[in-house]
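Please consider the fold shown below.

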Amino acid sequence: MGTVREIRIARRTGFCYGVREAIDKAKEARAAGKSTHTLGQVVHNEGVISDLERLGIETVETLDDVDGGAAVVIRAHGVRPDVMERANARGLEVIDGTCTWVIQEHKELVKLVEEGYTIVLLGTPNHAEVVGMLGFAPDAIVVDEEDEWEAKIPRKKRMALISQSTQPPWKFEKLAAFLVSRSHELKIVNTVCPVTIRRQEDTVEAAGDVDLMVVVGGRSSANTKELTRLVGIAGKPAIQIEGWKDLTDASVFDGREVVGITGGTSTPIEDLRDVARRVLEIAGTPEVAARADELAQEALAGAATPAGRTTSLPTFVHNEGAAPTTGAA
Ligand code: SF4
């Protein structure tokens, strides 16, 4: 018999505003009757991609897959400037969904290059945002894990530090301290996105009040993995999943009464509701399991309002593939 009697969804979750706007731009273009494509998956989330496909929005991997005159949406991560130029040269209608925060990163990089700094970029190599950033500062040194800093970062007179938006703040601060010993003049441009920071704060806060946290997001999503890590540091057990379908083993909830749920910046808030419902169905007390659907909606309503969570999904419909509302085990 299940023991879970309550679910709490972390306060500010759902898409970050950058992801949300890129998705909205794609939908608006399609609604206006344009042949619409996104360059790369707008988010690594199966439900969102199939939702877009149903609307007729196709994901393409290269600009060569888009016919002249069609619309191509640049996702929130942004692209290298030459990609933008090529899209324009091919006569495509470019709809720029680059997040305003990422655009600011690009501007800062251009300035740092002009000022002649040796640039250290904290980021995940080959991540789309980092690839785009390198288009503005090709000689930047990309570093990620701490054990590689010593070997990769030379001693230089004038150095600058900048970051991929979703890097954890603690790592950025640690790298800044490391760079003090490597340079005479150090310029720090803190581009860690405030949405990421708030997400982490809310997740840690939620973890304090629950017996176990479920972290929902892409397996390779750095910001999702960081949430899982922070829950561990907060001294609470966490499981990380991509969606409700991954919850097949109710025994992970054995003895837990209050379960928290949080998600990465590419995870729609509807996915958190579906996970809430699933947890209640498979691991709730008999009373709670019988009201899983209603209680999952309540948990969602208990999270921040769309404005408060920096994203808004009032029109987002995500029914297909949703968790079953009956059949508790
Ligand atoms: S995490 Fe921040 S910078 Fe990155 S897309 Fe979202 S809002 Fe923009």
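Val216 stands opposite Gly263 in strand S12, and this pair belongs to the parallel pairing of strand S10 (residues 212–216) with S12, which extends over five bridges. The model is a predicted one, in which local features need pLDDT of at least 70 and side-chain atom pairs count only at pLDDT 80 or more, while totals for chains, interfaces and linings use all residues. Residues are numbered from 1 along each chain as its sequence is written. Helices (H or I, at least four residues) and strands (E, at least two) are DSSP runs, numbered from the N terminus; two strands are taken as paired if DSSP finds at least two bridges between them.

On another pairing of S12, strand S1 (residues 6–9) joins it in the parallel sense over four bridges, with Ile9 opposite Ile261. S10 also pairs with S11, again in the parallel sense and over four bridges; the bridge partner of Val215 in S11 is Gln240. Together these strands form an open sheet of four in the order S1-S12-S10-S11, with parallel pairing. Its edge strands, each pairing on one side only, are S1 and strand S11 (238–241). From one strand to the next the twist averages 20°, where axes are lines fitted to C-alpha atoms, for helices over the stretch in contact, and angles run from 0 to 180 degrees between N-to-C directions.

How enclosed is strand S12 (residues 258–263)? Five of its six residues are buried, so the strand is largely enclosed by the rest of the structure. Here a residue is buried if 20 or more other C-beta atoms lie within 10 Å of its own, exposed if 12 or fewer, and partly exposed in between, with C-beta atoms placed from the backbone. Helix H8 lies across S1, S10 and S12 and runs at about 170° to S12. Helix H10 (residues 269–283) is likewise mostly covered, with 14 of its 15 residues buried. Its end C-alpha atoms are 21 Å apart, which agrees with the 21 Å that its 15 residues should span at 1.5 Å a residue; the expected span of a helix is 1.5 Å times one less than its number of residues.

A second open sheet of four strands has the order S3-S2-S4-S5, also with parallel pairing. Strand S3 (58–60) and strand S5 (93–96) are its edges, each pairing on one side only. Neighbouring strands of this sheet are turned by 30° against each other on average, direction ignored. Helix H1 (residues 17–31) packs on the sheet and touches S2, S4 and S5, its direction making about 170° with that of S4. Contact between two residues means that their C-beta atoms, placed from the backbone, lie within 7 Å. Within the sheet, strand S2 (residues 36–39) and strand S4 (residues 71–74) pair in the parallel sense over three bridges, and Thr38 has Val73 as its bridge partner in S4.

H1 has 15 residues and reaches 20 Å from its first C-alpha to its last, close to the 21 Å expected at 1.5 Å a residue. Its buried residues include Gly18, Val19, Ala22 and Ile23. Among the elements that cover the buried residues of H1 are S2, helix H2 (46–54), S4, S5 and H4. Just after the helix, Gly33 takes a positive phi of about 90°.

The ligand is surrounded by 14 residues, of which the closest are Cys16, Gly18, Cys99, Ser165 and Cys193; a residue counts as near if its C-beta atom, placed from the backbone, lies within 6 Å of the molecule. H1, helix H4 (100–114) and helix H8 (194–208) each supply at least two residues of this shell, and the largest share, three residues, comes from H1. The shell divides into nine nonpolar, five polar and no charged residues. In this classification Ala, Val, Leu, Ile, Met, Phe, Trp, Tyr, Cys and Pro are nonpolar, Asp, Glu, Lys and Arg are charged, and the others, Gly among them, are polar.

Two residues complete the account. Ile74, found in strand S4, counts as buried because it has 22 C-beta neighbours inside 10 Å. Not counting residues up to four places away in sequence, Ile74 touches Leu39, Val79, Val94, Asp96, Gly97 and Thr98. Glu108 lies in helix H4 and counts as buried with 20 C-beta neighbours inside 10 Å. With the same exclusion of residues up to four places away in sequence, Glu108 touches Ile162, Val189 and Thr191.
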